[in-house]
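Subject: Structure handover

Hi,

Here is the structure for you to look through. My notes on strand pairing and salt bridges follow below.

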Amino acid sequence: MKKLAALAALGCAIPVTAFAAPGMGGEVYGATVDAGETEFEARYGALGGGPDDGEDVLKLEAAHAFTDRLRIGIVGEIEKEPGDKRRAEAVAIEAIYALGNAGGIDIAVYGEYEVALHGTDKVETKLLLQRKTGPFDLRLNLIAEKELADGAPVELGYAASADVEAVGEVRLGLQAYGELGTFKHFAPRAEHFIGPVAKFEIEGLGPEVGVQLGYLLALGKARDDTDGQFKLAFELEF
């Protein structure tokens, strides 16, 4: 009994990494790179309703495209759990490498190494697909991430968007984020979010200023914890 109690206490002492809901502070990456472009982004996501009401994530990103193929950035993540204080959770370095165009689809790969400040580091890769035709912009990111811990599985997911130029610099569309399970247990009942998003630009300030606003409804397992998530993002491009 003493041994069991000791093991239980040890298990409680081991830090556990909290995974944010899909799409929290995230974006659907494009598959093209513009050489010389520097970007600063602030992306905020907050859950509303259910047990996770009040949980939020803020991601701050700075990136530069060194060539017309390679973009490198650094990302900081700040999270707040319901009833808890907001704290810095992770710092990551990311890279996007554009592979080119095939059949009208731009293709790129994404890699990220995340240093967790209160848990286990992880690595993430994405296959970025983008189709731009006329006023339409379609994007799909296929995601694989893994905690750097013994026995941790590769977690699969996706991020997708479809938007169209509506009036002037205003774009309207849909975004979706979700989990796809693992290679051993693919497409289980998991968390998904989908909903409308509006994008627009503010001119006359020098750098290009982009704003994104949206609300994603919770689907699948996500409905057990929340009704949906609010998204807000600001982007500066030089």
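**Strand pairing**

Strand β1 (residues 38-48) pairs with strand β12 (residues 228-237), antiparallel, over ten bridges. Strands count as paired if DSSP finds at least two bridges between them. The strands (E, at least two residues) and helices (H or I, at least four) are DSSP runs, numbered from the N terminus.

Before you read on, two points on the source. This is a predicted model, numbered from 1 along each chain as its sequence is written. Local features need pLDDT of at least 70, side-chain atom pairs count only at pLDDT 80 or more, totals for chains, interfaces and linings use all residues, and side-chain values use heavy atoms, with hydrogens and water left out.

**Salt bridges**

How many salt bridges are there? The count comes to 15. The rule asks for a side-chain nitrogen of Lys or Arg within 4 Å of a carboxyl oxygen of Asp or Glu.

One of them joins Glu-27 and Arg-43, with the closest N and O atoms 3.0 Å apart. This pair links distant parts of the chain. Glu-27 sits in the loop between α1 (2-13) and β1, Arg-43 in strand β1, and they are 16 residues apart. Both Glu-27 and Arg-43 are buried. Buried means under 20% relative accessible area, exposed over 50%, and partly exposed in between (1.4 Å probe, protein chains only).

Next, Lys-59 and Glu-77: their closest N and O atoms are 4.0 Å apart. Lys-59 and Glu-77 are both buried.

Then Glu-145 and Lys-122, which form a salt bridge with the closest N and O atoms 3.4 Å apart. Glu-145 is in strand β7 (residues 136-147) and Lys-122 in strand β6 (residues 122-133), so the pair ties together parts that are 23 residues apart in sequence. Glu-145 is buried, because its relative accessible area is 16%. Lys-122 has 12% relative accessibility, so Lys-122 counts as buried too.

Finally, there is a network. Salt bridges with shared partners join Glu-27, Glu-39, Glu-41, Arg-43, Glu-61, Arg-71 and Glu-94.

Best wishes
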